[in-house]
Amino acid sequence: MYDLHGETVHFDTEHNRLLLLDQTELPNKTVVLSLSRLEDMVEAIYNLRVRGAPAIGVAAAVGLSVLSNESAAKTPAEFQAEFLKNAAILEKARPTAVNLSWAINEMRKTQSAHAQAPLAVQKAALTARALELHAADIAVCRTIGEYGAALLQNCDAVLTHCNAGRLATVKYGTALAPVYVAKEQGHTMKVYADETRPLLQGARLTAYELCEAGIDVTVLCDNMASYAMQQGLVQAVLVGCDRVAKNGDTANKIGTSGVAILAKYYGIPFYVCAPFSTIDKNTPTGAEIPIEQRDGEELRSLWYETPKIPQNAKTRNPAFDVTDHSLITAFITEKGVLQPSDFEGYA
């Protein structure tokens, strides 16, 4: 068994491997992947073996470093061409999560800054930058948790959609970071977790990690969120996100916009918890965010012994929807609790 050191994504520098907790096997099996080939890294990202915007970004950065260290290129020009090709292929693995392109661009900048250096120097610089991004994700999520815990001092229970806990990042998580930090501070909140169809990230992943952490979690089918709010079971909604447009429109796992509409109706605060790197100032509004369309078999047969949709029926399977900024109470980031008007004030 490979040692992840309690993380979801780990850089095994001793053996030059990208280690990932395979989330498609949870909650029934714990499988750690050890990757060194580009095609395996792309497959892991596309097929959600690693998922969650921050975790995907760090995985890609570590993966690029691993591939660079394995490179047999003889000259800086050959090395750069190979590096840029690998970066472009990894970047296309999933289009919506801006952290993926952000992390890859950070690695591109590092390689470019050392493009004329000996190959050993370039490889060392890329390894160092990947490790920095890995460590930064842990620190950022911890800070998000501290800001969020302060907002939720009077909350007994929160609702969350999809999985934006430690499994979506290197360690603490984004939307669940306030819950974990609050517990460390002596304030334990209950969590209601939407099942999150069709891939069941709430049922399989959020419930799994909260049970492991000893936090009271109740799983709801997605169409039960309104009931929970109407009955006063939750006092806030916490979600993560994959991309935030300049105006605050936010792409997150399909179903999030419906939860936001319900929260607005019932007067419940709706918080988006995310690292500032998820805010894409180059995307003006949510209308410009690309929405990944996935295979309809995820609806038809993924969790069933026999298909549950007639073969002649069509399917439509968007992985994300966009929540309008008007439905979002605030963004909890490592830079503080922000409104879209605050975005320009931070790099």
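Student: What makes Leu48 count as buried?

Tutor: Happy to start there! Leu48 has 8% relative accessibility, and buried means under 20% relative accessible area, with exposed over 50% and partly exposed in between (1.4 Å probe, protein chains only). Leu48 therefore counts as buried. Keep in mind that this is a predicted model, where local features need pLDDT of at least 70, side-chain atom pairs count only at pLDDT 80 or more, and totals for chains, interfaces and linings use all residues. Residues are numbered from 1 along each chain as its sequence is written, and side-chain values use heavy atoms, with hydrogens and water left out.

Student: Is Cys162 buried or exposed?

Tutor: Cys162 is buried, because its relative accessible area is 6%. Its phi is also positive, near 65°, and Cys162 belongs to the loop between β4 and α6 (177-184).

Student: Why are α2 and α4 called roughly parallel?

Tutor: Helix α2 (residues 53-70) and helix α4 (residues 98-113) pack at about 30°, with their axes 7 Å apart. Axes are lines fitted to C-alpha atoms, for helices over the stretch in contact, and angles run from 0 to 180 degrees between N-to-C directions. Angles under 35 degrees count as roughly parallel, over 145 as roughly antiparallel, 65 to 115 as roughly perpendicular and the rest as oblique. So α2 and α4 are roughly parallel to each other.

Student: Which residues of α4 make the contact with α2?

Tutor: On α4 they are Asn99, Leu100, Ala103, Ile104 and Met107, where contact means heavy atoms within 4.5 Å. Residues on the α2 side include Ala53, Ile56 and Leu64. The contact of α2 with α4 divides into 10 nonpolar, 3 polar and no charged residues. Here Ala, Val, Leu, Ile, Met, Phe, Trp, Tyr, Cys and Pro count as nonpolar, Asp, Glu, Lys and Arg as charged, and the others, Gly among them, as polar.

Student: Why are α3 and α5 described as roughly parallel?

Tutor: The axes of α3 (residues 76-91) and α5 (residues 119-151) cross at roughly 30° and come within 10 Å. α3 and α5 are therefore roughly parallel to each other. Pro76, Phe79 and Phe83 of α3 meet Leu119, Gln122, Lys123 and Leu126 of α5, giving 5 nonpolar, 1 polar and 1 charged residues.

Student: What makes β6 and β14 stand at the edges?

Tutor: The open sheet has 7 strands in the order β6-β5-β4-β7-β10-β13-β14, with mixed pairing. Two strands pair if DSSP finds at least two bridges between them. β6 (217-220) and β14 (336-338) each have a single partner strand, so one side of each is left without a neighbour in the sheet.

Student: How many bridges join β13 to β14?

Tutor: There are 3 bridges between β13 (residues 330-333) and β14, and the two strands run antiparallel. Phe331 stands opposite Leu338 in β14.

Student: Which peptide bond involving Pro27 is cis?

Tutor: The bond from Leu26 to Pro27 is cis, with omega near 5°. Pro27 lies in the loop between β2 (17-21) and β3 (32-35). Arg197 and Pro198 are also joined by a cis peptide bond, with omega about 5°.

Definitions and conventions: Helix = DSSP H or I, 4+ residues; strand = E, 2+ residues; numbered from the N terminus.
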